[in-house]
Amino acid sequence: MARLARLEVTDDELDAFAGQLDVILESMQTLGEVDTDGVEPTSHAVPLVNVFREDQPQPSLPRDAALAGGPDTAEGRFRVPRILDDEE
Amino acid sequence: MDDRIIDRTAAGLAADIREGRATSRSVTEAFLDRIDAVDGEVGAFLHVDRDGALATASEVDAALAAGEELGPLAGVPVAVKDIVVTGGMPTTAASKILEGWIPPYDATVVERLQAAGTPILGKTNLDEFAMGSSTEYSAYRRTANPWDTARIPGGSGGGSAAAVAAKMAPLAIGTDTGGSIRQPGAVTGTLGAKPTYGSNSRYGLIAFSSSLDTPGPVARNALDAALLHEVISGHDPRDSTSIDAPVPPVAEAARSGASGDLSGLRLGVVEQFAEGAGAAEPGVLDAYLAGVDQLVKLGAEIVEVSCPSFSYALPTYYLIAPSEASSNLARYDGVRYGLRSGDDGRRSLEEVMGLTREAGFGPEVKRRIILGTYALSAGYVDQFYGRAQKVRTLIKRDFEATFEQCDALISPTTPFTAFKYGERTGDPYQMYLADLFTIPTNLYGGPGISVPVGLSDGMPVGLQVMGPVMGDDITYRVASALESTQDPLLADTAPEIEGK
């Protein structure tokens with residue numbers, strides 16, 4: 001699960017989390033008791049759907065400002081580590 | 001008794017500035033000096049913007065001198081929780097993963113503060129990404145409770161609450177996802193209000209749980225909070241869950257509540273709040289019940305109401321909030337902002353992402369991301385997240401039904417007073433119980449306010465007033481009426497911090 005969440009957690013952390021998450025999950029199992037047949041899910045407290053606006057161009061964040069917070073940028077782009085495996 | 005600027009109410013300071021008895025600059029300086037004097041001991045701020053605050057103050061003074069009409073809080077300084085983005089001013093969400101990040105834009109809340117002429121003193125401490133109830137999960141510093149510096153100030157907005165309690169700011173902005181404005185308010189003897197979801201823009205709030213997050217005011221009394229509430233509220237087209245309707249008249253309600261007349265008002269007590277392992281500790285219950293007696297003396301009628309689904313609120317919240325958080329926090333990938341760790345030129349993007357997130361997130365954030373990832377994973381999503389959303393519907397129906405029988409609900413804000421550092425960090429579930437009574441309002445979307453009601457072993461206790469959706473004004477009326485029975489206000493009686 002940690003890998004799926006892109007977290008390189010240590011073994012010590014995993015041990016601690018496992019016990020703590022068990023307690024939390026146990027409390028969540030109680031939701032299994034509830035009869036939810038035919039109940040609509042609530043995704044937001046306020047029932048608003050499909051908020052539209054005119055499709056008009058608006059000024060957006062200047063590129064330099066958008067890049068300013070990045071840990072590694074070059075030539076007007078974010079630099080990222082390699083995304084393809086080395087060919088063996 | 002109001003010798004010192006820092007002892008005065010925000011409403012009083014605003015009037016002084018407007019009517020020429022004080023300048024915004026002198027007021028702002030007084031709070032900045034107070035921060036210099038006592039924040040070493042309290043630890044409420046992550047960043048103080050002396051120059052920026054004084055520049056705004058001078059602009060307000062110049063505008064007033066030129067005869068301009070300004071808003072009701074013009075010139076009164078405010079502290080802002082460090083999860084609300086401030087253009088040009090560091091914003092960290094108290095996480096290492098955003099260390100050094102300077103946002104390129106302002107949150108709507110911040111834009112509205114600037115338009116209202118309120119100098120921003122700085123950014124206040126919190127639990128990392130607002131996940132916690134003690135501010136102990138901040139990656140940067142510990143914040144002390146001004147009532148007893150060996151104790152926590154609540155969380156996640158412990159910094160905003162402590163800043164107001166220690167009179168380093170007359171007002172502060174918080175955010176509330178499951179109680180992060182109200183629980184710190186209760187344990188620091190300040191007033192914190194979570195507005196109706198959607199009535200305050202989330203644009204520029206660093207997202208934790210998007211269907212629950214709500215910004216709101218922190219103050220030492222209801223009228224001050226209401227004035228700030230009105231400054232930041234209102235429709236915002238940049239937030240697609242923003243309600244396009246008039247803001248409830250909260251300042252008027254706070255003024256009318258101050259007369260102390262609650263006759264004709266029905267206040268509901270949820271019978272299930274008193275049941276189960278999470279019931280309030282005896283000292284909290286005593287202070288709360290004394291407050292209920294006061295409300296009855298003011299003319300309110302108390303009715304018992306039932307919310308059978310209440311016992312499922314905590315597990316429902318701890319499925320929904322971590323699920324949304326695991327999705328929202330996916331953006332911290334070491335590419336667009338903040339930290340990148342382990343990029344040695346050989347590791348792949350995915351490896352670097354994992355190492356960055358491992359180095360940048362603290363334990364509670366990791367726990368919740370793992371929990372949320374689990375609850376959303378293939379094969380489990382219906383059993384966990386899907387089921388929680390359905391139970392949320394049942395909880396919402398229960399609470400909506402109570403407002404057929406009463407005007408507002410009351411409860412203790414949190415089951416226990418401020419605990420000592422480290423007392424609950426080893427057992428996350430014990431920490432989660434702090435929000436037992438505040439979580440339901442986030443789930444059904446209504447407003448909730450915590451008003452200081454008394455002391456238990458010398459530590460403050462809060463009474464919570466919960467209203468129907470867009471019934472914020474009722475909660476302010478009750479809070480203000482309760483304050484009318486206190487002289488001096490409980491919030492004004494915090495022990496003096498001498499500083500070093």
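Reply: Of the 88 residues in chain A, 14% are buried, where a buried residue has 20 or more other C-beta atoms within 10 Å of its own, an exposed one has 12 or fewer, a partly exposed one falls in between, and the C-beta atoms are placed from the backbone. This is a predicted model, in which local features need pLDDT of at least 70 and side-chain atom pairs count only at pLDDT 80 or more, while totals for chains, interfaces and linings use all residues. Residues are numbered from 1 along each chain as its sequence is written, and chains are lettered from A and ligands numbered from 1 in the order in which they are written.

Along the principal axes, the C-alpha trace of chain A spans about 55 × 50 × 30 Å.

Within chain A there are two helices and two strands, these being DSSP runs numbered from the N terminus, with at least four residues of H or I for a helix and at least two of E for a strand. Along the sequence they follow the pattern α-α-β-β.

Chain A also touches chain B, and 43 residues from chain A and 58 residues from chain B take part in the contact, which is counted when the C-beta atoms of two residues, placed from the backbone, lie within 7 Å. On the side of chain A that touches chain B, the elements giving two or more residues are helix H1 (11-29) and helix H2 (63-67) of chain A, and H1(A) gives the most, with seven residues. The residues on this side of chain A divide into 28 nonpolar, nine polar and six charged, with Ala, Val, Leu, Ile, Met, Phe, Trp, Tyr, Cys and Pro taken as nonpolar, Asp, Glu, Lys and Arg as charged, and the others, Gly among them, as polar.

In helix H10 (residues 313-328) of chain B, 14 of the 16 residues are buried, so H10(B) is largely enclosed by the rest of the structure. Strand S9 (residues 408-412) of chain B is likewise mostly covered, with five of its five residues buried.
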